[in-house]
Amino acid sequence: MSAVKSVPPNQPSAKKSWGEAAKAYLDSRVIVMLFLGFSAGIPILLIFSSLSLWLREAGIDRSVVTMFSWAALGYSFKFIWAPLIDALPVPFLTKWLGRRRSWMVVSQLLIVLAIFLMATVNPVSEDVLIYMAGAAVLLGFSSATQDIVIDAYRIELAPPSMQSILSSIYVSGYRIGMIVAGAGALYLADYFGSTEAFYSYEAWRNTYYIMAGVMTLGILTTFASYEPTAEILQSNKQHRNLKFFLIYSALLLIPGLLFGVVYLLNMLINLALDTPVALIPQVALPSIKFYFLALVACAPLLLLYFIINQPKIINKAPLVAETREDYVRLVLLFVFAVVAFIAAYVLIGQLLPAFDGVFVSFVSETLHLLMSLAVALVAGFALVQAGLVNKQIAMATWIEPIVDFFRRYGMKALLLLALIGLYRISDIVAGVISNVFYQDMGFSKTDIANAVKLVGVIMAIAGGFLGGLLAQRFRIMHAMMIGAILACVTNLLFVVLTYNPGSLPIMYMAVIFDNLAAGLASAVFIAFLSALTSIRFTAVQYAIFSSLMTLIPKVMGGYSGSIVDSMGYPFFFIFTFAIGIPILALIYFVDKHIVIGDNDDIYDNDDDNP
């Protein structure tokens, strides 16, 4: 069984009608993935753009601000601890919730803790930036862990025919989370009184406290959902949990969608006419606010009910480690490898000379990371040879998932890895500095929130739906090609904006098309990665793929501020367009030599969801 079938590239693929493709969105599993995507989308902007604006308002240099994006490198190295997610149970929680949901709860609680710790630090003094950086790293680590589990959960939740839809709805939920953590954070910071001219630590502190509270919606979803690889002994309890969750979701989503559409139309009409028009009467706003606040107030009670009403389960997914001693040894191996990585990173950083050029600095930092990772791998190998961990367990945990991938693809695996590592480079590199760019173009936080964090994210959601439909309707590589072309070409619109600073119409045009392209590319790419993943190694292989997807772009993105300082914004955005062009050739060669087929399917049919 394999995730990719080596068949002639001209083999016809079955096509679904547009109606059949759209009907898949009515599955209850889609709603679960929507809210899990929302939970995954909250942390990322609290590390990137929202944190960037907070630090800029606090007077931190732009080059330092963009380097904070490295706190999210946990997303790029999550493949290192992803095997532990497959191999280790969580004490008590795994027997109660199952392998995937237990790790979800742990990661979500760590995310709440990290956001809370970030809120307690005032970055106005560079002396305390180390504490802010530590909390941001914890947030990156815990949110990357949540991504590992959600990705594995999604692949195990439904058969291959559903993966493109689950991928697109996951992206949509992710983007909604970004609206809350992006536009919502900016609105709240403004509301609490922090501006570029008058910085208020209390405003940003309260904003991050609220973001920590919002994360409880992800915990609610985790307890309401079910473990796909476990036998549910009390199915009536699970059906009841899911039914109540779907009712709550409908009460939240349907009015929220209607209000959001009307609000968006109102904003666009005001922008076009330059005249205040109120499609939503002012007298209705208090009632609308009360409705949503009442729903939010009900969430803790609903969560308590789900916790009490959890059905008994029998976990059937095999774990690599079978005894408590094996668990402890695997964790110790991971801890020692991490310590070796940190020590090597610090020592090598002291030995490497400092470079002034941006490109040379980027190459130097890349080598710095790779050498540190190599030291960690050598240390781990030496500890296994010394007997810290049983060799068979170590092989099954870290090596077998990689061997399986190369066993299935042979030398073609290198072509796939190149495509995975570079597909998103154009839009990720450009996105790191986007909020600072808009600020430098003379737009206020409210302008940025309205255009980028609201309209832009809504367009990204629309792009995600479109990407899901395209992946259902056509061959995945054709959808990948469309996404890659749009992702790099739309960066040129920002070049136009650099010559028209302060122009809201041009800003909205660039934001709309750029986010539509990014949403489409994200959805089809997630479906592509899911198709490459063997069901036997869901957490590990998908973590490797998604880590590789972000590693080079995020390292390069850390230097985006320095590139702009040296060359200017027009050159930077032309550069991000140019680095996306070689991706088209990679897609062509993958499409020519490898046909993406069905994933390994552990399900007998598609009727197994409660």
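Visitor: How many helices and strands does the protein chain have?
Guide: The protein chain has 27 helices and four strands. Keep in mind that this is a predicted model.

Visitor: And what share of the residues is buried?
Guide: Of the 610 residues in the protein chain, 55% count as buried.

Visitor: What about the surface, how much is there, and which atoms does it belong to?
Guide: The accessible surface of the protein chain is about 25,300 Å². Carbon and sulfur atoms hold 71% of that area.

Visitor: Which residues form a nonpolar patch on the surface?
Guide: Leu257, Val261, Val262, Leu265, Ile269, Leu273, Val277 and Leu279 form one. Together they have about 640 Å² of accessible area.

Visitor: Take Leu273. Where does it lie?
Guide: Leu273 is in helix H12, which covers residues 235-273.

Visitor: Is Leu273 buried or exposed?
Guide: Leu273 counts as exposed, because its relative accessibility is 54% and the cut-off for exposed is over 50%.

Visitor: Now the inside. How many residues are in the largest nonpolar core?
Guide: That core has 169 residues. Leu419, Tyr423, Tyr438, Met480 and Phe528 have the most contacts inside it. Helix H23, residues 504-532, supplies the largest share of this core, with 15 residues.

Visitor: Which residues is Tyr438 in contact with, beyond its neighbours in sequence?
Guide: Leaving out residues within four places in sequence, Tyr438 is in contact with Phe443, Ile448, Val452, Phe494, Leu497, Met507 and Val511.

Visitor: Why would nonpolar side chains be buried together?
Guide: As a general matter, they tend to be buried together in soluble globular proteins.

Visitor: What does Thr221 touch?
Guide: Not counting residues up to four places away in sequence, Thr221 touches Val32, Phe35, Leu36 and Phe245.

Visitor: On to charges. How many salt bridges are in the whole structure?
Guide: A search finds five. One of them joins Arg100 and Glu156, with the closest N and O atoms 2.7 Å apart. This pair links distant parts of the chain, 56 residues apart: Arg100 is in helix H7 (residues 99-119) and Glu156 is in helix H8 (residues 129-157).

Visitor: Are those two buried or exposed?
Guide: Arg100 counts as buried, at 1% relative accessibility. Glu156 is buried too, at 2%.

Visitor: What else is there in helix H8?
Guide: Asp151 and Arg154 are in helix H8, and their side chains meet in a salt bridge, 3.4 Å from N to O. They are three residues apart, so about one helical turn separates them. Asp151 is buried at 5% relative accessibility, and Arg154 is buried at 0%.

Visitor: What does Arg408 form a salt bridge with?
Guide: Arg408 pairs with Asp404, and their closest N and O atoms are 3.0 Å apart. Both lie in helix H16, residues 391-409, four residues apart, which is about one turn of the helix. Arg408 counts as buried at 15% relative accessibility, and Asp404 is buried at 3%.

Visitor: Which residues do salt bridges with shared partners join into one network?
Guide: Arg99, Arg100 and Glu156 are joined that way.

Technical notes
Residues are numbered from 1 along each chain as its sequence is written. This is a predicted model: local features need pLDDT of at least 70, side-chain atom pairs count only at pLDDT 80 or more; totals for chains, interfaces and linings use all residues. Side-chain values use heavy atoms; hydrogens and water are left out. Patches are made of residues with over 30% relative accessible area and no salt bridge: like charges are joined within 9 Å, nonpolar side chains (Val, Leu, Ile, Met, Phe, Trp, Tyr) within 5 Å. Accessible areas come from the Shrake-Rupley method with a 1.4 Å probe; for residues, only the protein chains shown count as cover. A salt bridge is a side-chain nitrogen of Lys or Arg within 4 Å of a carboxyl oxygen of Asp or Glu. Helices (H or I, at least four residues) and strands (E, at least two) are DSSP runs, numbered from the N terminus. Buried means under 20% relative accessible area, exposed over 50%, partly exposed in between (1.4 Å probe, protein chains only). A nonpolar core is a set of buried Ala, Val, Leu, Ile, Met, Phe, Trp, Tyr and Cys residues joined through side-chain atoms within 4.5 Å. Contact means heavy atoms within 4.5 Å.
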